[in-house]
Amino acid sequence: MIQKNAYAAYNNSKILTATPAELTLMLYDGAIRFVNMGIAAIEKGEVENAHNSIMKAEHIVIEFQTSLDHKYPVSKDFDVVYTYLIRRLRDANLKKDPEILKEVLKHLRTMRDTWKEVMEKTANGTKTEGSAQVS
């Protein structure tokens, strides 16, 4: 019990001290983790666990979509991608189809990896000399 509380305190501290860029990365990692959990639950025949995991991934993608800053032209592209991922997550949940989830997983991993590259090139999302801030 003490170990669980210590782990929870560590995770809470990690979230509270994270930069916006790090929080975004954590959300991508969470969505990927929940999609993986959904795949595993489907393969085990655990319908309720699959549903719950897929819904958690969907909620993260919805959060990404609703937090888009539409003053940047690229936000339209991200909006289209997020709409597609949400639709595919819903299809996968309805059909309990792990292949659809594997497709979503591929897209999420690509987006997460790209985000990590952006973080590395911009000093973890903070503005550096001669670079634009990532938000």
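Author: Rings of Phe, Tyr and Trp (its six-membered ring) pair if their centres lie within 6.5 Å; planes under 30 degrees apart are stacked, over 60 edge-to-face, and the rest tilted. This is a predicted model, in which local features need pLDDT of at least 70 and side-chain atom pairs pLDDT 80 or more, while totals for chains, interfaces and linings use all residues. Residues are numbered from 1 along each chain as its sequence is written, and side-chain values use heavy atoms, without hydrogens and water.

Reader: How many aromatic pairs does this rule give?

Author: The count is 3 aromatic pairs. Phe-78 and Tyr-82 form a tilted one, with 5.9 Å centre to centre and 35° between the planes. Tyr-28, Phe-64, Phe-78 and Tyr-82 form one aromatic cluster.

Reader: Where do Phe-78 and Tyr-82 lie?

Author: Helices (H or I, at least four residues) are DSSP runs, numbered from the N terminus. Both residues are in helix H4 (residues 74–95), 4 residues apart, about one turn of the helix.

Reader: Is Tyr-82 buried or exposed?

Author: Buried means under 20% relative accessible area, exposed over 50%, partly exposed in between (1.4 Å probe, protein chains only). Tyr-82 is buried because its relative accessibility is 4%, whereas Phe-78, at 32%, is partly exposed.

Reader: Which side chain makes a polar contact with the side chain of Ser-75?

Author: A polar contact is a pair of N or O atoms within 3.5 Å; within protein, one must be able to donate a hydrogen and the other to accept it, and residues adjacent in sequence count only if both atoms are side-chain atoms. The partner is His-70, at 3.4 Å. Ser-75 is in helix H4 and is buried, at 2% relative accessibility.

Methods. Helix = DSSP H or I, 4+ residues; strand = E, 2+ residues; numbered from the N terminus.
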